[in-house]
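Here are my notes for you to read with the model open beside them. Take the points in order and find each residue as you go.

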Amino acid sequence: MARVSRPEFPAPVLVTTTAELEAVTARLRREPFVTIDTEFVRERTYWPELCLVQLAGENDVVVIDTTAPGIDLSSLGGLLDDAGVIKVFHAARQDLEIFLHLFDRLPAALFDTQVAAMVAGYGDQVGYDNLVWSLLGVQIDKSHRFSDWSVRPLSAAQIGYAAADVTYLRQVYGQLLAQLEKEGRLDWVAAELDVLNNPATFRPDPLTLWEKMRPRTSNRRMLGVLRAIVAWREGEAQRINVPRQRLLKDESLMEIAATMPASIEALARVRGVSRGFAEGRSGQSLLETVAQALTIPDADLPRLPKGRAKDAQRPSPALVALLKVLLAACCETHRVAPKLVASSEDLDRFALDDAADIPAFQGWRNEVFGKLARELKAGRLVMGVEGGKVRLIHA
């Protein structure tokens with residue numbers, strides 16, 4: 001074990017063997033919570049390449065070298081599975097995706113301090129270093145933010161930097177937890193964490209991914225081809241482990257859906273598609289996918305998602321602007337991040353449809369904003385200014 005000194009916390013320990021890892025995870029499983037972070041590289045691969053896992057308990061701060069020869073991470077999986085130990089992350093989505101891919105399951109008893117900070121009023125998707133500064137008055141040295149974590153050996157400065165992401169997180173968690181308990185908002189956080197506890201969040205249905213490309217056509221045959229080839233790209237990118245945009249860019253997929261190539265020559269004429277790609281295994285597989293999509297019965301072809309059709313009614317910009325002002329005012333009053341309550345798309349949908357099914361009309365969001373939004377749209381609520389703040393007046 002290599003030790004790196006740090007005055008505020010236990011000295012970080014670099015773990016490089018299975019025995020060391022088993023010993024530290026056994027100790028951490030006796031604690032009420034453990035803070036966790038990861039370092040990885042993903043520029044050249046579809047799947048993140050895990051390089052480090054950082055863990056901190058009351059008496060342990062460890063940086064696990066997951067690339068160390070022969071190291072077995074099974075005991076780390078056991079710690080993540082232990083529902084008696086709360087696993088504290090900040091902005092957990094990428095870390096959770098890594099652990100789901102590594103262990104085929106998500107950690108039990110999850111807490112995300114970024115979500116908690118949004119509920120506690122520290123802004124939309126607040127970064128870890130900004131949150132540490134806001135709560136602890138500590139400025140984190142981010143000089144190693146762009147380190148290549150796959151290169152060995154690691155320097156003492158890199159190990160110290162990695163450890164800081166879990167050491168201060170213990171104090172951040174404690175302060176947020178106390179504040180949320182005092183304000184009775186832990187249930188709000190739990191509702192948000194349900195999304196992170198669902199494997200489907202990280203494994204979306206490939207046949208729905210085409211919708212994110214927001215195609216501007218109502219041609220259902222083209223949409224059917226687009227649906228098929230976007231799903232194909234996802235599977236192919238996973239198979240050969242390259243980023244999906246490096247395999248084929250969205251613009252190329254849109255052109256393929258529009259031209260529906262049936263030959264190597266036609267595929268090679270698509271912008272962004274090389275001759276070598278068109279002639280290779282991936283190109284042949286893509287052509288077969290296009291051909292299969294062309295045989296889908298008309299009745300089974302997709303349509304644009306509701307509200308996305310070319311001739312879809314657009315909401316009144318003035319009404320949407322009023323709703324945004326109301327949202328900002330409500331969130332200022334309740335000290336909660338607006339993005340957590342309603343998105344711009346949610347407001348557009350409600351402006352068009354009183355019965356829109358959006359999260360803002362459910363649970364705590366309805367109490368904070370949803371009820372008032374309905375009153376505003378029905379003409380039973382007006383807004384004014386008093387003392388430099390927006391004032392809500394019930395008609």
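The points below go from the whole chain down to single residues.

1. **The overall picture.** Keep in mind that this is a predicted model. The protein chain has 17 helices and 9 strands, and its C-alpha trace spans about 70 × 65 × 35 Å along the principal axes. Of its 395 residues, 48% count as buried. If you take contacts between residues at least 6 apart in sequence, 62% of them join residues at least 24 apart.

2. **Domains.** The domain assignment gives domain 1 (11-200), domain 2 (204-293) and domain 3 (315-392). Look at domain 1 and domain 3 together: their C-alpha centres lie 34 Å apart. Even so, 12 residues of domain 1 are in contact with 10 residues of domain 3.

3. **A stacked pair of tryptophans.** A pair of aromatic rings is described by the distance of the centres and the angle of the planes. Searching the whole structure turns up 8 aromatic pairs. One of them is Trp188 with Trp364: the ring centres are 4.3 Å apart and the planes are at 10°, so this pair is stacked. The two partners come from distant parts of the chain, with Trp188 in helix 7 (residues 186-196) and Trp364 in helix 17 (residues 363-377), 176 residues apart. Are these two buried or exposed? Trp188 is buried, at a relative accessible area of 15%, and Trp364 is buried too, at 10%.

4. Phe350 is in helix 16 (residues 344-352) and Phe361 is in the loop between helix 16 and helix 17, so the pair ties together parts 11 residues apart in sequence. Which residues lie over their faces? Arg374 sits over the face of Phe361, at 3.7 Å from the ring centre, and Lys377 sits over the face of Phe350, at 4.7 Å.

5. **Helix 14.** This helix (residues 317-334) has 18 residues and reaches 26 Å from its first C-alpha to its last, close to the 26 Å expected at 1.5 Å a residue. Its buried residues are Leu319, Val320, Leu323, Leu326, Leu327, Ala329, Cys330 and Cys331. What do they pack against? Their partners are helix 15 (338-341), helix 16, helix 17, strand 8 (381-386) and strand 9 (389-394). Just after helix 14 comes Arg335, with a positive phi of about 55°.

6. **A buried glutamate.** Glu31 is in the loop between helix 1 (18-28) and strand 3 (33-41). Its relative accessible area is 12%, so Glu31 counts as buried. Apart from neighbours within four places in sequence, Glu31 is in contact with Gly57, Glu58, Asn59, Gly84, Val85 and Arg170.

7. Most residues other than glycine have a negative phi, and most peptide bonds are trans. Where is the cis peptide bond? It joins Arg152 and Pro153, with omega about 5°, and Pro153 is in the loop between helix 5 (128-136) and helix 6 (156-183). Ala109 has a positive phi of about 55° although it is not a glycine; look for Ala109 in the loop between helix 3 (93-103) and strand 7 (110-112). Asn241 also has a positive phi, near 60°, and is found in the loop between helix 8 (220-240) and helix 9 (244-247).

Key:
Residues are numbered from 1 along each chain as its sequence is written. This is a predicted model: local features need pLDDT of at least 70, side-chain atom pairs count only at pLDDT 80 or more; totals for chains, interfaces and linings use all residues. Side-chain values use heavy atoms; hydrogens and water are left out. Rings of Phe, Tyr and Trp (its six-membered ring) pair if their centres lie within 6.5 Å; planes under 30 degrees apart count as stacked, over 60 as edge-to-face and the rest as tilted. Helices (H or I, at least four residues) and strands (E, at least two) are DSSP runs, numbered from the N terminus. Buried means under 20% relative accessible area, exposed over 50%, partly exposed in between (1.4 Å probe, protein chains only). A charge sits over a ring if NZ of Lys or CZ of Arg is within 6 Å of the ring centre and within 35 degrees of the ring normal. The expected span of a helix is 1.5 Å times one less than its number of residues. Contact means heavy atoms within 4.5 Å. Domain bounds come from an automatic or database domain assignment.
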